[in-house]
Amino acid sequence: MQTVWITKYALTSGLEEVELINRDETWATVRQATGLNGMLSLCRGEWKATKEEALARAEEMRKNRLASLRKQIVKLETQPIKVRGLDQ
């Protein structure tokens with residue numbers, strides 16, 4: 001039995017090791033209880049072959065998400081509050 005690691009939900013529910021059913025260039029089909037008929041299809045960037053690769057991808061995802069949130073914070077801090085009234 002070959003296993004792979006799902007990274008798609010790394011920032012919400014963590015990494016998950018699952019049994020690999022089928023794999024080609026773009027897609028991997030894995031056995032997962034919550035998937036349709038007990039299976040889940042994942043595209044290339046949503047799974048990794050080893051735990052180490054999955055952890056590295058999760059760290060990259062966390063770094064990208066933090067950068068995005070920092071940009072949102074700056075935008076909110078500098079954005080003026082618009083006021084609309086009947087007389088304007």
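Along the sequence, the chain runs in the pattern β-β-β-β-β-α. It holds one helix and five strands. Helices (H or I, at least four residues) and strands (E, at least two) are DSSP runs, numbered from the N terminus. The model is predicted: local features need pLDDT of at least 70, side-chain atom pairs count only at pLDDT 80 or more, and totals for chains, interfaces and linings use all residues. Residues are numbered from 1 along each chain as its sequence is written, and side-chain values use heavy atoms, with hydrogens and water left out.

The chain has a radius of gyration of 20 Å, whereas a compact globule of 88 residues would have one near 12 Å. This radius is taken over C-alpha atoms, and the globule rule is 2.2 Å times the number of residues to the power 0.38. Along the principal axes, the C-alpha atoms fill a box of roughly 70 × 30 × 25 Å.

Of the 88 residues, 22% are buried. Buried means under 20% relative accessible area, exposed over 50%, and partly exposed in between (1.4 Å probe, protein chains only). The accessible surface of the chain is about 7200 Å², and carbon and sulfur atoms account for 53% of that surface. Areas come from the Shrake-Rupley method with a 1.4 Å probe; for residues, only the protein chains shown count as cover. Among contacts with a separation of 6 or more, 38% join residues 24 or more positions apart. Contact means heavy atoms within 4.5 Å.

The chain carries 15 positive and 12 negative charges, and their mean positions lie 7 Å apart. Lys and Arg count as positive, Asp and Glu as negative; His and the chain ends are not counted. Each charge is placed at NZ of Lys, CZ of Arg, CG of Asp or CD of Glu.

Helix 1 covers residues 51–78. Its 28 residues should span 40 Å at 1.5 Å a residue, and its end C-alpha atoms are 41 Å apart, which agrees. The expected span is 1.5 Å times one less than the number of residues. The buried residues of helix 1 are A54, A58 and M61. Their cover includes strand 1 (3–6) and strand 5 (47–48). E53 also belongs to helix 1. E53 is partly exposed, at a relative accessible area of 41%. From E53 to A67, the C-alpha distance is 21 Å, over 14 residues of sequence.

Q32 lies in strand 3 (residues 27–36). Q32 is buried, since its relative accessible area is 9%. Beyond neighbours within four places in sequence, Q32 touches I6, E16, G38, M39 and L40. Q32 and E77 are 45 residues apart in sequence, with 42 Å between their C-alpha atoms.

G14 sits in the loop between strand 1 and strand 2 (16–23). G14 counts as partly exposed because its relative accessibility is 25%. With neighbours within four places in sequence set aside, G14 contacts I6 and Y9. G14 and I73 are 59 residues apart along the chain, and their C-alpha atoms are separated by 25 Å.
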